[in-house]
Amino acid sequence: MSINNIPNILFISSSHRCHPYILDFVVAASSIGSYFKIYHGEQVTSFAPHLSNGKPMYPTASFEGKASGKSVEFVPDDLLRAVFLHNDRSQPIPYIIQPAFTQISGAATDAMAETLEGLAQAMFTGFWENNLAAIEMAHGKRKNENWPAVLKFAAVIRDTMSHGGVLNMYSSVPPVSHFNLTYEKTNNGRKIIHNDLTCADIFFLMLAVNAEF
C-alpha cells in the first residue's frame, strides 16, 4: 500500500521552508493524540496503513480550521517511523485538505485542543522568526506599510501569540483581514487563538505567508 494512491494527497518536501516546523508539530501532535486515547481508556493503534474489509486504510491526524473553513489531515506513519526509528527528519510530509469537520463532543475538554494549538503556535512562531529577515528583504520593514495583506495579518497573529493568544494591537497598527476575519485595536483583549483560529488555520496561514516571499 502506498500513500501516493490517496486521492488529492499533497506533500511538503524537506526543502520547503515550512518543513522542519510542520514536522515537529505533526510528530508531537500525533504522539499527544495517542496519549489522550490512552488516558480516556480507548484502544491505541499505530498510524500504519492497513486493510479493512479488503480496502486500504491510511490513518490520519486531523485538525479543524474554524476560520478557514477547512481541515488538514496529516498521514504521519512514515514520518513517525523515520524520526523515532531512524533519526531521519528528511521525509516529505503528506497531507490532505478537507472541508471543515464538526468537532465530536465527548469526554475531552478544551484543554486538549488548546494544548495542540500551543504546538501550532510554536510551529508558526519558529517559522516566522527564522524567516522574518527574508520577509523584510522582499518587502521592507513592517512599519513601512508595504507588506501584502496576508503578511500584515500574520504579523498581528504572531504578536497575539506572544500575549497568550489574546489580541493586543498597538494604536499605530491599521486593521488587518484574512480568512474573512478583520481585527483592529477595538478588538484588543479578545482571545482569538482557539476562539477564532485553530490548528489548521495556523497551518494554512503559514503556507500563505511562505508564498509571499
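How much space lies in the second largest cavity? About 30 Å³, in a model that is predicted, with pLDDT of at least 70 needed for local features and 80 or more for side-chain atom pairs, while totals for chains, interfaces and linings use all residues. Residues are numbered from 1 along each chain as its sequence is written, and side-chain values rest on heavy atoms, with hydrogens and water left out.

A search of the whole structure turns up 2 cavities of 30 Å³ or more. A cavity here is a set of points, on a 1 Å grid over the protein atoms alone, where a 1.4 Å probe fits but cannot get out; lining residues have an atom within 4 Å of a point. Grid points are joined across faces, edges and corners, and the volume is the space filled by probe spheres set on them. The largest cavity holds about 40 Å³, and its lining includes Arg-142, Asp-159, Tyr-170 and Val-173. That lining splits into 5 nonpolar, 2 polar and 2 charged residues (nonpolar: Ala, Val, Leu, Ile, Met, Phe, Trp, Tyr, Cys and Pro; charged: Asp, Glu, Lys and Arg; polar: the others, Gly among them). As for the second largest cavity, Ile-3, Phe-47, Pro-49, Tyr-58, Pro-59, Val-75, Asp-77 and Asp-78 line it, giving 6 nonpolar, no polar and 2 charged residues.

Then there is the sheet. It is open, with 4 strands in the order β1-β6-β5-β4 and antiparallel pairing. Pairing calls for at least two bridges found by DSSP; helices (H or I, at least four residues) and strands (E, at least two) are DSSP runs numbered from the N terminus. At the edges sit β1 (10–12) and β4 (61–63), each pairing on one side only. From one strand to the next, the twist averages 30 degrees. Helix α5 (residues 199–210) packs on this sheet, touching β1, β4, β5 and β6, and its direction makes about 85 degrees with that of β5. Contact means heavy atoms within 4.5 Å; axes are lines fitted to C-alpha atoms, for helices over the stretch in contact, with angles from 0 to 180 degrees between N-to-C directions. Within the sheet, 5 bridges join β5 (residues 70–74) to the antiparallel β6 (residues 93–99), and Lys-70 stands opposite Pro-99 in β6.

Arg-81 belongs to helix α2 (residues 77–86). Arg-81 counts as partly exposed because its relative accessible area is 40% (buried is under 20%, exposed over 50%, partly exposed in between, with a 1.4 Å probe and protein chains only). Neighbours within four places in sequence aside, Arg-81 is in contact with Ala-48 and His-86.

Key: 1 Å grid on protein atoms, 1.4 Å probe; cavity = no way out; pocket = protein on both sides within 12 Å on 5 of 7 lines; lining within 4 Å.
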